[in-house]
Amino acid sequence: MRALWLVTVWEFRRYFKWKQELMGLLAGILVGGLFMGGSALVTRTKARQRAVVGVVDPVGLGLQSAKGITFEAVTDSIAAEARVGKGTLAGLLTVESSDSVRLLVAKDPPWQKELEQALAKARLAWKLRERGLSPAEFEGLVKPPTLNVVRHAEGRPAVGQARMIAGISILAIQLMAVMGCFALFFTNITGEKQARVTEQLVTAIPAQTWMDGKILAFSLHGLKSVVTLVFWGLLAALGALRFAGSPILADLGALSPFAWIGALSFIVLGLLFWSAFYAGLAATIDDPNHSARSSVMLLPIMPVVFSMMLLKLPDALLSRVLSWFPITSMGMMPLRVVQGSAGPWEALGSALLLLGSFLVLRRLAGRVFSTSMLLYGQEPSWGNIWRMLRAR
Amino acid sequence: MVSEKPPLRVEGLRKSFATVQAVDDLSFELQPGEIFALLGPNGAGKTTTVRMLTGLVLPDAGTIRYEGLDGQAHARIPAAELGYLPEERGLYLDQTVLRQLVYFGCLRGLDRRAAEASARKGLERVGLTDRAKEKVSTLSKGNQQKVQLLAALLHKPRFAILDEPFSGFDPVNQELALDWIRELREAGTTVLLSAHQMPLVERLADRVLLLDHGRKVRFGSVAELRSGEVANRKLTLAFQGPIDDVVLKALPGVVAVEVLGGDRAALLLSGEADLNALLAKLAQGPRLAQVTSEVVDLHEIYLRAVGGPRGSEKEAACVPSGL
């Protein structure tokens, strides 16, 4: 245990630099602040920028002012056209009929979308007036029937928008965690093989301990990426104040502690599982820049993609199967848990299976490493790897 | 405390890789506190033997028996008692000298404080105290080699395996390494070393094992190896006249004659050769301009044992058999 602790701390600290982490955080806050400030400035500028459009409206369409556009009634269209040419009018709108409007401009109008909306609104009002209908009567005509969804007493709570957001966030966090440590496995293990450091180390400690230390250290780096992501996510949410007063926060708060603990457990277990996979694979790679095996490193994206595709089908047979299968359970089971599709015992069973798979995988990674670490300048074939895995 | 029993006994060791027999029926034992040199050309099986001793590679057959300080027999040398300088060496270039020495010391069983104290002492010895906080990448190759040797010996091992300890050192630092290894012996450490610098090995080793194609071809102290040679003395002669190698070969005690060109020749003499009688006979021939006498050195014994200089060797890839 002492050796495992030594290796874990050594490997973690090699890539964790307080000063750089802090500088990165401050730089992030600064960039975020500049971005938000810049956005506010752009919004303000847009709000202040109004285009003056001349309107010749013999039909009586009755255009109201639109966002960013001020309409100016024009009587002398020839003079108005000259103003468009000089740029003192942004455009000249001539209503030819309720179905046809001509717009004269000197350059591409960035406010065209807003103009189209204003025209559509004015045309609808005009048509209603023509038929003797008030806007309230029209709304009553097009309003859909009210659908009252009544939950069965034995049914499960509704999956609100917040739970969907929680599910997607869990997947994003998992992906971030796994990708946060995969580069470390590549550079570290292949780098040490190339630097010939390993041979002296594994005469001091068992190869398995060395491998376990790396798996733990780099998984911690993955979790560090998660903490950073969550920090930024919360900051962005609070910064935008989008959720203030929205039922989403309350809905998230209503998720049971079991759901949160379960999601966290699957994030940690999934990270360990993929770390062990990465460690074993990296041990077989001699040069990461030229190895065909580098592409296999992208395999952990697969469960996240499957889970996203099945986001709204937590009860489907495929979803249930994938939530137990160790390679995909890290993504699928938390989704089912937050949506109330899987209960504690099902989650616990899947978690234990994932844990067992991780323990087997780390053992296999150790076996592969203990043999391939002595292969300098060459990569074992897949056949050789298979024999290493079976070796005792 | 040094045990009087041989700390390491190897019997009938065999190892093959694919089609290469890397080590073939190798047996030897080390005496406590001796410096034991493992010599041989590239591909002779030295590194494979060392890797089997450290447990990095498992033997196909044979036994390794190491008498541990715990009184138990081990099939490999326990980590805390082993100081290992591998042939394929490397350090963490991105880390500081002191930090990684402390790490290596801790992995070998020292506590942090003891590892740091030992590292600082060692750095002072090799003149790198002021470089302790610098990254290894900033050191010269020779200084990196010093750090590497220090990392292997930091924990004062009972048994040290040093594969090519002199490589990368200039002559001054080779002497430093030589003294260091001698001090290890004086402190009771048993040393197994492999090196290509024959004059250094000759000055250092108590006993030598010569390997070729995985087999033992010579074994003993340098004096024993020398006396075991048919021709163990060399007489280099310069004449003031023509040389007749047939006449030279017929002289008493001469095993072989090597004509060096012009008026020079080297006579290889047997151990029983009477030098006075030989010189008397030589005096009857052409006038001698110069006579140099020397004993056969380890380099010569080595070359004779492996059959002279060689071209490329078929080297074994170090993967377990069956792969």
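Helix 2 (18-48) and helix 8 (207-240) of chain A are the elements that give two or more residues to the nonpolar patch. The most is given by helix 2 of chain A, with four residues. Helices (H or I, at least four residues) and strands (E, at least two) are DSSP runs, numbered from the N terminus.

Phe231(A) is placed in helix 8 of chain A. Is Phe231(A) buried or partly exposed? Its relative accessible area is 33%, so Phe231(A) is partly exposed; buried means under 20%, exposed over 50%, and partly exposed in between, with a 1.4 Å probe and protein chains only.

Two sentences on conventions. Residues are numbered from 1 along each chain as its sequence is written, and chains are lettered from A and ligands numbered from 1 in the order in which they are written. Since the model is predicted, local features need pLDDT of at least 70 and side-chain atom pairs count only at pLDDT 80 or more, while totals for chains, interfaces and linings use all residues; side-chain values use heavy atoms, with hydrogens and water left out.

I turn to the aromatic rings. A pair of aromatic rings is described by the distance of the centres and the angle of the planes. Rings of Phe, Tyr and Trp (its six-membered ring) pair if their centres lie within 6.5 Å; planes under 30 degrees apart are stacked, over 60 edge-to-face, and the rest tilted. By this rule there are 19 aromatic pairs over all chains. One of them joins Trp274(A) and Phe277(A): the ring centres are 5.2 Å apart and the planes stand at 90°, so this pair is edge-to-face. Both residues lie in helix 10 (residues 257-283) of chain A, three residues apart, about one turn of the helix. Trp274(A) is buried at 1% relative accessibility, and Phe277(A) is buried at 18%.

How are the rings of Phe28(B) and Phe36(B) arranged, stacked or edge-to-face? Their centres are 5.3 Å apart and their planes at 20°, so the pair is stacked. Phe28(B) is buried at 5% relative accessibility, and Phe36(B) is buried at 0%.

Returning to chain A, ring pairs link Tyr15(A), Phe182(A), Phe185(A), Phe186(A), Phe218(A), Phe273(A), Trp274(A), Phe277(A) and Tyr278(A) into a cluster.

The next topic is charge pairing. Side chains of opposite charge can pair when their charged atoms come close. Arg14(A) is buried at 8% relative accessibility, and Glu192(A) is buried at 2%.

In chain B, the side chains of Arg125(B) and Glu183(B) meet in a salt bridge at 2.6 Å, N to O. This pair links distant parts of the chain, with Arg125(B) in helix 3 (residues 112-125) and Glu183(B) in helix 5 (residues 171-186) of chain B, 58 residues apart. Arg125(B) is partly exposed, with a relative accessible area of 32%, and Glu183(B) is partly exposed at 39%. Salt bridges that share partners also join Glu11(A), Arg14(A), Glu192(A), Lys214(A) and Asp94(B) into one network.

Terms used
A salt bridge is a side-chain nitrogen of Lys or Arg within 4 Å of a carboxyl oxygen of Asp or Glu.
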